[in-house]
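Here is a walk through a single structure. Keep the model open and follow along.

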Amino acid sequence: MKKALAMILTLTLIFCAFAIPVNAAEGPGIAEPMFKDKFDRDYPDVAEFFETGGSYYRELAYHYGSNGKPDWALVWADSGVYAEEYAADIMFGRLFFRTDQAYPFIFTYGVYNVAQDRFYDLRSIRDESLYPGMGRMLADMNIGHGGSFGADLRYAKQFLLSDDVFRNLEWEGEGSLIGYDVLYYHKTDGKTDWALVKGQTLMQLDWSAYAVLGDRVFTTDTGDIPFEFDYGVYDVPESVFVPLETAYAKGTFAGLEEALDELNLGSLIGDMDGDGRLTISDATIMQRCFAEFEEFRHDDRIEGINLLDSDSGVRYLSDVNRDGIRSIRDVTQLQRILSQFE
Ligand SMILES: [Ca+2]
Ligand SMILES: [Ca+2]
């Protein structure tokens, strides 16, 4: 359903793109693509995916140089290849883009640079000085979103972090960033002093690790760069990114644990049904598991290297009393915790 909606949205945007006049008064019309052959050579598998003749490539607008010929073109392509594991956001000027497409352009839109005879995805052409007028063109064509975010997002997002910060993250990560989200802003005296971010690259390490942060367990089996658990904290006064587990261990980011709870990141110890809260339902499930009427959730046993020494005894999500084993005592401890809530 999500993909279908995304497709409808994309088609709507494309329709809008055609409906709105753009700076293409001279030269071939947008119905006659100039660079499609080059595109097919560069991305032959996109054509194969749509071998039934579906529309997968459009040249939306041309930018003309002083010689009257196009020096670059804004293009759109849909490969049908989606990345299930991430949705990425960027700001281009004041425009916001969100996508789960993976190929050939992460944000569906790309640019063909005539002089270089090369396609770039929109994310990699963020320097508008190279493509003067690009921001205006996108805005005129109603591509992207003018800074208002969908009401379906659980957490309001703001892009207080500048593009420079974004680039820093990319460099520090030593890999091309495929996803970037600001999940949470923490304010002190009305000013943002840190932000919780999610950043993922294609660079991965082959390992399994976990960390217990307060009442929550974070696990990974990829060791994503730049952040082992995908999450990091941006320290505003220091202008640095800190991996989440390091930020937690430092203990200097006030409200971090509360933010993790609010966002329900990682897995809450004792939360057998995974709803992010401890309730009587969790105690019931745990009892049924010990009575062998039910099996513990597949990730109950925590695998991998402990990245922090904190609570190193915890090896099960069901280990509520944190003695390193799972037993009926954990049910008792959970019931004790629940009785405190009442
Ligand atoms: Ca629960
Ligand atoms: Ca236990």
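Among contacts with a separation of 6 or more, 55% join residues 24 or more positions apart in the chain. This is a predicted model. The chain has 342 residues, and 32% of them are buried. Its secondary structure comes to nine helices and 14 strands.

Take the sheet that holds strand S1 and strand S2. Four strands make it up, in the order S1-S2-S5-S6. The sheet is open, and its pairing is antiparallel. At the edges lie S1 (57-64) and S6 (118-121), each of which pairs on one side only. From one strand to the next, the twist averages 25 degrees.

Now follow the pairings across this sheet. S1 and S2 run antiparallel and are joined by seven bridges. His 63 has Trp 72 of S2 as its bridge partner. The two strands form a hairpin with five residues between them. In that hairpin, Gly 68 takes a positive phi near 80 degrees. On to the next pair: S2 (residues 70-77) and S5 (residues 109-113) are antiparallel, with five bridges.

How enclosed is S2 by the rest of the structure? Largely so, because seven of its eight residues are buried.

Next comes the other four-stranded sheet. Its order is S13-S10-S9-S14. This sheet is also open, but its pairing is mixed. S13 (267-268) and S14 (305-306) are the edge strands, and each pairs on one side only.

Start with strand S9 (residues 209-213). Five of its five residues are buried. Both faces are covered. Ala 209, Ala 211 and Leu 213 lie on one side, with Tyr 210 and Val 212 on the other.

S9 has two pairing partners to trace. With S10 it pairs in the antiparallel sense over five bridges. Ala 209 stands opposite Thr 220 there. S9 and S10 form a hairpin with two residues between them. Gly 214 sits in the turn, with a positive phi of about 65 degrees. With S14, S9 runs parallel, and two bridges join them. Here the partner of Ala 209 is Ile 305. Strand S10 (residues 216-220) also pairs with S13, in the antiparallel sense over two bridges. In that pairing, Arg 216 has Leu 268 as its bridge partner.

Turn to the nonpolar cores. In soluble globular proteins, nonpolar side chains tend to be buried together. The largest core in this model has 41 residues. Ala 195, Tyr 210, Ala 211, Val 217, Val 233 and Leu 244 have the most contacts inside it. At least three residues come from each of domain 2 (163-264) and domain 3 (280-341). A second, separate core has 18 residues, including Tyr 57, Ala 61, Tyr 62 and Leu 74.

What does Ala 211 touch, leaving aside residues up to four places away in sequence? Its contacts are Phe 218, Phe 229, Glu 245, Asn 306, Leu 307 and Leu 308.

Helix H6 (residues 244-250) contains Tyr 248. Is Tyr 248 buried or exposed? Tyr 248 is buried, because 23 other C-beta atoms lie within 10 Å, and the cut-off for burial is 20 or more. Not counting residues up to four places away in sequence, Tyr 248 touches Leu 213 and Leu 256. Gly 214, from the hairpin turn, is 34 residues from Tyr 248 along the chain, yet their C-alpha atoms are separated by 8.6 Å.

Finish with a helix pair. Two packed helices are described by the angle between their axes and the distance between the axes. The axes of helix H8 (residues 280-290) and helix H9 (residues 328-341) come within 10 Å. They cross at roughly 170 degrees. That makes H8 roughly antiparallel to H9, because angles over 145 degrees count as such. On the H8 side, the residues that meet H9 are Ile 280, Asp 282, Ala 283, Met 286, Gln 287 and Phe 290. On the H9 side they are Ile 328, Asp 330, Val 331, Leu 334, Gln 335 and Leu 338.

Technical notes: Residues numbered from 1 in each chain as written. Chains lettered and ligands numbered in written order. Predicted model: local features only at pLDDT ≥ 70, side-chain atom pairs only at ≥ 80, totals over all residues. Core = buried A, V, L, I, M, F, W, Y, C linked by C-beta atoms within 7 Å. Buried ≥ 20, exposed ≤ 12 C-beta atoms within 10 Å, placed from the backbone. Domains from an automatic or database assignment. Contact = placed C-beta atoms within 7 Å. Pairing = 2+ DSSP bridges. Axes fitted to C-alpha atoms, helices over the stretch in contact; angles between N-to-C directions. Parallel < 35°, antiparallel > 145°, perpendicular 65-115°, else oblique.
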